[in-house]
Each structure stands twice: as structure tokens, then as C-alpha cells.
Amino acid sequence: MVPYLDVQHLTKSFGALTLFRDISFSIGEGQKVGLIAKNGTGKSTLLSILCGKEGYDAGDIVFRRDLKVGFLEQSPVFDPEESVLDACFNHQGDPEKVLRAKQVLTQLKIRDLEQPMGQLSGGQQKRVALANVLLTEPDLIILDEPTNHLDLEMIEWLEGFLQRGNRTLLMVTHDRFFLDRVCSVILELDDKTIYTYRGNYAYYLEKRQERIDNKRAEIARANNLYRTELEWMRRMPQARGHKAKYREDAFYELERVAKQRIEERQLRLKSSNVYIGSKIFECQYISKAFSSSTTSSQGGAGDVVILKDFYYNFSRFEKMGIVGSNGTGKSTFVKMLLGEVQPDEGHIVIGDTVRFGYFSQEGLQFNEQQKVIDIIRDIAEYVDLGGGRKFSASQLLQYFLFTNEQQYNYVYKLSGGERRKLYLCTVLMRNPNFLVLDEPTNDLDIVTLQILEEYLQDFPGCVIVVSHDRYFMDKVVDHLLVFKGNGVVKDFPGNYTQYREWNQAQQAQETHPQPLPGREGSEYSKGGKPAKNHGDGSSRKLSYKEKRELEQLEKDIEALEAEKKEIEEALCGGTTSVEEITRLSKRLPVLNDELDEKSMRWLELSEIEN
């Protein structure tokens, strides 16, 4: 494997705060590497250091000679007068480059190539910056949160783009599906050091738990020995004066290990004091449209229709996800529900007991000179959990991984992700019974997302989540509203993965219909399963050819899964040659695509058979 980047003994501090110390790792040609860490521990700083935008205290960073690096920053800056096309790259009138730019930008839903960058939203500018990185075809692509501001369709396109070919990639992302499908190596920045896991995100989860269990056992052994050695150290100096100095040195190293702490949250934040009545809200045939030219709510030709005669009665304790492409009206629907935007027609009736807690995309503006703990205490000193239990402001912050030291820091010291986390705490501290979360996963680290998932699973009220994070949606919601555009909204009883599988089966049925004698094609029942009753008393049966295909698919899937397991074991075994690692790293994403394709076809045929 040709080394593209080699980092040795890198250290970075800001004053008394050390982000990482003496870390080393390397990235070889064709490797796709995901970087994982908690908010505020230095992910974005590390990427900026690698790209020469930030200095460091010690260590060496060596790139292969003449290596071309493309870097997507979290908040890119453009000349506001520059056109979208010129902001992508210096095409110099080359029609082939212009054509490629149009293709990539269209996939990212940027269609006006002559529009000045200053007229684009922050999310649109981030997409242009992403297109710029992809179009310049760097040898090493470095991406900081590339899925922020992308809808589900764009994310799935980007997954496919990065999986194809021998691209070399280093990225920070909270999108766990994205990590699992794209990356073959995970770097974890934790406790000021770095750990390497040679596998995808699922493999990382397994091996990380093994590492934590081993560390916990090491600390337990050190504590037992520490008590014995501490007694010896406390004796009078003359009682141990003849002892070798090495034993004293060993004691201090033992003390360091024994006093280590592994972060554990024993407490689950469950409230029994949240009450919500049986009437939640009812959308009574609401319609909403915006003028495409003036972005007002006036009717007429050329309107962008958000909703048309939409009816929905929200159930008690329902946890709903809202998905759809950008611009289809997801956030507008949420704002209508909260009374911030009025429908053109119809009414939204809210139950008397409903207390909304709203987490918006825009976030909350904080007083930079205020302490973190005071931000929360200004809302309330504690939350009443019922049964005599209370949850203080400090406990809530601790639950969301603010250490005691961080709680008494000033807001201006927080990273972007930590600010988003603090904003989330301000919403929860108000003890709402109906949470409305609009893109809550942006800029939050994976550990915080896991905590938020746990919180929402236990939450005894109602939840609406607007998100492009598929993993998060699968964990939290049990029902979807799918905004398809032009006022079309699909009500789907399931999570995102179930909807995607159903949708793919629908598309496959439309592309490859299986007509019966005297029928145009099979029908689908609600939920995506083929309807067995065709109205003429007949049932849909697998043809002989389909039965043979189903048998072969089972064999193929079994063989592919066995090959995948062998590859993952080889990549993590430590005895595989560099050349073989390169070959296997290229094969793994191709194999995953084959598995997905054959599994979906197997699902189609097996549903018909059953």
C-alpha cells in the first residue's frame, strides 16, 4: 500500500487544554478512513492541522510528494460576487469540465450555475464547496461533516460516488450509516490519544467495547495492587529507605493507571411526571404554497406547493419522523404546527395540555460571557421526574457529557458541536411533553447522538423529528411522513429502513413487472408486500424460473457473507501483507453493494412466496 499521509507523535494544545498528545497514524492509497471523537476533543482541529490551516506543538506530518489534497471545511467561505460555476473550479471555458460540474451540482440540487455565491444559503454554499472538492479530483479527499445540509437522496448519491473507484478518503461525520457503508478504517480520538480499527463502523463498535472491557479490567487490577503499594509508601521513610527507587517509580505509574476513569452513565433519564392529554393536534385539511419568485405565501401560477388539503390526527405518545428532499416543506410544516407560519387554508388544532419543546436548525444565540451552568439554571434549577425524584441543571449537563469543569466554562470557549449540545439541554430543561426536533443531529458527535436516542426512546411524551440521519431515525421513530414535493405527503407506518426497502421493492416492481394471465401486473398492499388476492380468486405464485433464482440467491448471499467475514478478519488480523490489504480494501465496498442488491431481490421473491 502506497502511504499518502503519515502522522507521527503529533501534539496540539490551546493554553492549558491539550486536545491530543503524541498521536500517530497513517493513511494509504485507496483507504477510506472515518474519524470519530466527542465534540470539543479536536476532530476539526486535527483536519485543519493536516490541511495546513492550523499549527501544532510537536510531531511530524508527511505527505507523499506532489500529493493533491482536497479539503471540505465545516464552514467554507466564498467570494459573494463569484458565480456558482466559477466557485467550483477554474474551468477556463473547458466544455468537458463545465459538463462535469453541471452533473455533480445537479446531483447536489444546485441548478443555477450563474447565481452569485452571496445569494446562496449556508447549506447551499456547503454543497458547492463539496462539489468543488469532488470535481478537482484530489488524490486525498478530506471531508469535515460532508452530510450536513444534504437530504437523504443526496447522501445516498454521495455514498455511491465515494465507494466507486480507488478514492482515498479521510472524513469526520456523525452519519453512522455513511460510516458503515463507505469507510474501511475507523480512527477514534479519545482521551487525548488515537485508536485504529481496521473495519467499518459495525466492526468498530464491537472492538471498541472489547477495548473498554480490557481497560476496565486493567484498572480493576491496578486498584487492587495500588492499595497494597499505598500502604508500603505510607510507612516511615526509614522503613523503606533501603528499598530500590524503581519500586517508588512503579508505584506512581500504578497510581496513574488506577486513577483512570472510564466514562459510564449509570443513570437513564426517565420521567414519570410528564403528562399529555389524549388530544394532541389535528391538521384539518391545511394547504400551503409559496410564490417561487417572491417566496411569499400568495397563491397563483408558479407557486411551490408545500401541502394541499392535508389531514392528519396525531396520536398520543406517537414518535414521528419527517423525511424528504430539501425544499419540499418539512421545516415549514413544523413551523405551522408551532404557530410560527400560518396555513393558507385549513386549521391546526392543538390540545390544551401540549407543551412544545422546539429544537430548530438555526439554534439559540447565547451570551458569550455567561457560564454554561448559568445558561441552564436561568431556565430552571431542576426538572421534576416524579416519584420524589429530581434532575438538577448540573445533572442534565453531566448526562449530556459536560464535565464539571466544562459546566463552569464560559460559552465562548465551546466548540460548535458543544454549543448545539448546550442548546439541546436548554430545550429539555423546560420539561416539555411534545418535542419537535428539526435536524437535531447536525454537528453532534456520535456519543451524544447515542445519548439523545436513549433519551427519546424513554421519553413519555410525543416526538416529531426532521432529520436526514437514517440511523438516528431508525432508533427513534416508529412512523414517517414522507414529503415528496408538490404537496404530496405519504403516511408510512414504519422507520426509515423499512420505508426504503418498501420503496425499492415498489420501484423494482414498476421496472420489472411480473404479469399474470389477463392481468397487467401484481398489486402491492399497504406496507409494501405483494397483495395475494388479485380479485379473480387467484394467488400470485413464484414461477419455476423465480424459484430457481430464489435458491441461487440464498447460496450467493451465504457465500458473500462468508467472504465478507473473511475479509474483515484478514484486515484486522495484523498478519496480512500490505498488497493484500489494498486488494481487500477495494473488494469490501463492492462486496457490500452485491450483498445489498441480492438481499433486496431475495426479499422481493420471498415475500411473494410467503
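Student: Which helices do the buried residues of α3 pack against?

Tutor: Keep in mind that this is a predicted model, where local features need pLDDT of at least 70, side-chain atom pairs count only at pLDDT 80 or more, and totals for chains, interfaces and linings use all residues. Residues are numbered from 1 along each chain as its sequence is written, and side-chain values use heavy atoms, with hydrogens and water left out. Helices here are DSSP runs of H or I with at least four residues, strands are runs of E with at least two, and both are numbered from the N terminus. Taking contact as heavy atoms within 4.5 Å, the partners of the buried α3 residues are α2 (84–88), α4 (122–135) and α5 (152–163).

Student: Which residues of α3 are buried, and how wide an arc do they cover around the axis?

Tutor: Buried means under 20% relative accessible area, exposed over 50%, and partly exposed in between, with a 1.4 Å probe and protein chains only. By that cut-off, Val98, Ala101, Val104 and Leu105 are buried in α3. They sit on the same side of α3, because the arc they cover around the axis (from the directions from the helix axis to the C-beta atoms) is only 130°.

Student: How far apart are the end C-alpha atoms of α3?

Tutor: The expected span of a helix is 1.5 Å times one less than its number of residues. Helix α3 has 13 residues (95–107), so it should span 18 Å. That agrees with the model, where the end C-alpha atoms are apart by 19 Å.

Student: Now the rings. What is the distance, centre to centre, between Phe281 and Phe314?

Tutor: Rings of Phe, Tyr and Trp (its six-membered ring) pair if their centres lie within 6.5 Å; planes under 30 degrees apart count as stacked, over 60 as edge-to-face and the rest as tilted. A search of the whole structure finds 23 aromatic pairs. Phe281 and Phe314 form a stacked one, with 20° between the planes and a centre-to-centre distance of 4.9 Å.

Student: Why does that pair tie together separate parts of the chain?

Tutor: Both Phe281 and Phe314 are buried. Phe281 lies in strand β10 (281–291) and Phe314 in the loop between β11 (303–313) and β12 (319–324), so the parts tied together are apart in sequence by 33 residues.

Student: Which residues form one aromatic cluster with Phe281?

Tutor: Phe281 also makes a tilted pair with Phe434, at 6.1 Å and 35°. That pair links strand β10 to strand β17, 153 residues apart. Along with Phe281, the cluster holds Phe310, Tyr312, Phe314, Phe333, Phe356, Phe434 and Phe483.
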